[in-house]
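Okay, thanks everyone, let's get going. Have a look at the model on the screen while I talk you through it.

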Amino acid sequence: MQTNEQSNHQTQDPVLSFFNRVISQVARVLAAVMVMVIIWGVGDVVYVLYQRLMAPPFMLLEIKDILATFGAFMAVLIAVEIFHNIILYVEDNHNRQLAVEIVLGTALMAIARKVIVLDFNEVGAEHIYATAAVTLALSVGYYLIVIRRKGSNS
């Protein structure tokens, strides 16, 4: 069982303590940058959607436009999940099981985005099988982590 001092990565060594503070500040900077990326991503989604709706045929989207828009939305949602990963780290709330769950959830979102925008005419069967294998592996891993966490909360 870890003590609170151990779980917060506190140490008596002043050099290591300094390094921990530096890493904590770097994580905060990354969180701020990720917020800017998310805002930029939302602005980009709105701008691209506006451009595609204003282009002929007016106010109509083709299937490729809809899929591209879904892909852009998913990219922003993935950025939000990465932000949550950073926040979990910044708060020094190192619940490893929850961190793994969030990372696996983010990876599932990323592979889902890839599947949504996948053009089956442009990729070979091996690419599709590999994507399916990665999706299955991430899904099983996520399921096992979630079941394990629910079991430990009982």
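**The loop between α2 and α3**

I'll start with methionine 59, which sits in the loop between α2 and α3. When I say helix here, I mean a DSSP run of H or I of at least four residues, strands being E runs of at least two, and both are numbered from the N terminus. Methionine 59 has a positive phi, about 60 degrees, even though it isn't a glycine. With a relative accessible area of 45%, methionine 59 is partly exposed. For that scale, buried is under 20% relative accessible area, exposed is over 50%, and partly exposed is in between, with a 1.4 Å probe and protein chains only.

Proline 57 is in the loop between α2 and α3 as well. A cis peptide bond joins proline 56 to proline 57, with omega at about -5 degrees. As background, most residues other than glycine have a negative phi, and most peptide bonds are trans.

Quick housekeeping. This is a predicted model, so local features need pLDDT of at least 70 and side-chain atom pairs count only at pLDDT 80 or more, while totals for chains, interfaces and linings use all residues. Residues are numbered from 1 along each chain as its sequence is written, and side-chain values use heavy atoms, with hydrogens and water left out.

**The overall picture**

Of the 154 residues, 20% are buried. The protein exposes about 10,900 Å², and carbon and sulfur atoms supply 67% of that; areas come from the Shrake-Rupley method with a 1.4 Å probe, and for residues only the protein chains shown count as cover. If you take contacts between residues at least 6 apart in sequence, 71% join residues at least 24 apart. A contact there is heavy atoms within 4.5 Å.

**α2 against α3**

Now the largest nonpolar core. It has nine residues: Ala27, Ala31, Met34, Ile38, Val45, Val76, Ala79, Ile86 and Val90. A core here is a set of buried Ala, Val, Leu, Ile, Met, Phe, Trp, Tyr and Cys residues joined through side-chain atoms within 4.5 Å. The elements giving two or more residues to this core are α2, residues 14–54, and α3, residues 63–90. The largest share, five residues, comes from α2. Leaving out residues up to four places away in sequence, valine 45 touches Ala72, Phe73 and Val76.

How many salt bridges do we get? One, counting a side-chain nitrogen of Lys or Arg within 4 Å of a carboxyl oxygen of Asp or Glu. The side chains of aspartate 65 and arginine 52 form it, at 3.6 Å, N to O. Because aspartate 65 is in α3 and arginine 52 is in α2, the pair ties together parts that are 13 residues apart in sequence. Aspartate 65 is buried at 11% relative accessible area, while arginine 52 is partly exposed at 30%.

Then look at glutamine 25, in α2. Glutamine 25 and valine 90 are 65 residues apart in sequence, yet their C-alpha atoms are 8.2 Å apart in space. Glutamine 25 itself is partly exposed, at 47%.

As for α3, its 28 residues should span 40 Å at 1.5 Å a residue, and the end C-alpha atoms are 40 Å apart, so that agrees. The expected span is 1.5 Å times one less than the number of residues.

Helix α5, residues 125–153, has 29 residues and reaches 42 Å from first C-alpha to last, close to the 42 Å expected. Its buried residues are Thr131, Leu138, Gly141, Ile145 and Val146.

Glutamate 101 lies in α4, residues 96–117. Is glutamate 101 buried or exposed? Buried, at 9% relative accessibility. Not counting residues up to four places away in sequence, glutamate 101 touches Tyr142, Ile145, Val146 and Arg149.

That's the tour, happy to take questions.
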